[in-house]
Amino acid sequence: MKVSELTKYLDREFPLSLQESYDNCGLQVGDADSDITGVLLSIDVVEATVDEAVEKGCNFILCHHPLIFRGVKRITGANYIERIIRKAIKSDVAIYAAHTSADKIIGGVSYKMAEKLSLENVVPLEADNEQVYKVVVYVPVADKQKVSDAVYANGGGSIGAYDCCSFSVDGAGTFKANDGCNPYVGNIGEIHTEKESRVEYVVSRRNLTKVLKAVDEAHPYEEPAIDVIKLENTIVSAGMGVVGDLKTPVVPLEFLKRVKETFRCEMLKYTDINKVETIRRVALCGGSGSDLVGLAKKMGADIMVTGDVKYHQFFDSYDGPIIADIGHYESEQYTKEIFFNVLSKNNIKFAVQNSTIKSNPINYL
Ligand SMILES: [Zn+2]
């Protein structure tokens, strides 16, 4: 597999359109034509991560935090970013970042935190609602699967956590090819009847253009009949942070101890726990989610667990849930599992390894 092919796949799994305006997800360094020898998964990229990739025979690093956030005007090695870029280029190691794109997908960073804490009924804290379209394709029965595969590969046919969703019914399609046509079946000037399937898929607005292009390419007809119908429905297609329920409510201190152990925290900051008797609903946001405390309150959360909470933001707990700061790195450490699962889905032929370099720059005394 080439770097360009893996990049295309990752861009689909972690859509760049989801990233925040300040972000810089996607392929940051790399030769699109190189063959992939192995992929190293990491949260951050430091110089030692590039060395580790080379040692482990990986020429592709899939990381969470972008190495390059803003414009780089020169690469002379004057700062650590320039040195890492230089080292990656010299070592022929590609770097791909899935940052807020991985935060916002359904099943992303905060969902992984919820999974680790065994939360139920998990939904996004700040949901992105998207317009839904119904795409109806009339296709010869024998070619139905080919068209469906093209739709699914481009994000169509997804409803909530389900994918590959469609409805179909078989019938008869008629058409007459006129002079200048090059019909797939039938003869010029004769009305032809073909056994066709009418197949329906839901497609979100974000995926509509690429799904229609893919259907057009997969469809055997010269002029495929495709209906696009705008629906009243919207779907939650992405979101930042999550909220979910504990199967068995616990007293706050017990819950905090569980969080500390689960996220291997050396230290955990938290606000007054006496205001709540038991923890039932939990809001989570990997990284820096303190801006979502208001939404956590609205969603009925008893506690908000995130990282990077500033001193004055802790005061929000007077009018909202308990706030627990477990550390930025600690909250996102399991993101590598998301990367691994996404790559595993793609029937990859190269080795995927976890970085063991300590990239968290913070120490605790
Ligand atoms: Zn982060």
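Reply: Let's start with a helix pair: the axes of α1 (residues 3–13) and α11 (residues 335–345) come within 11 Å and cross at roughly 120 degrees. This is a predicted model, where local features need pLDDT of at least 70 and side-chain atom pairs count only at pLDDT 80 or more, while totals for chains, interfaces and linings use all residues. Residues are numbered from 1 along each chain as its sequence is written, and side-chain values use heavy atoms, with hydrogens and water left out.

Me: What makes the contact between α1 and α11, and which classes of residue take part?
Reply: Leu6, Tyr9, Leu10 and Glu13 of α1 meet Val342, Leu343 and Lys345 of α11, where contact means heavy atoms within 4.5 Å. By class, that is 5 nonpolar, no polar and 2 charged residues.

Me: Why is Ser101 called buried?
Reply: Buried means under 20% relative accessible area (exposed is over 50%, partly exposed in between, with a 1.4 Å probe and protein chains only). Ser101 has 1%, so it is buried. Ser101 lies in helix α4 (residues 100–104), and beyond residues up to four places away in sequence, it touches Phe14, Pro15, Leu18, Gln19 and Cys25.

Me: Which members of the largest nonpolar core touch the most others?
Reply: Of its 25 residues, they are Phe255, Val282, Leu284, Ile303 and Val305. Such a core is a set of buried Ala, Val, Leu, Ile, Met, Phe, Trp, Tyr and Cys residues joined through side-chain atoms within 4.5 Å. A second, separate core of 24 residues includes Leu6, Tyr96, Phe339 and Val352.

Technical notes:
Axes fitted to C-alpha atoms, helices over the stretch in contact; angles between N-to-C directions. Helix = DSSP H or I, 4+ residues; strand = E, 2+ residues; numbered from the N terminus. Nonpolar A, V, L, I, M, F, W, Y, C, P; charged D, E, K, R; others polar.
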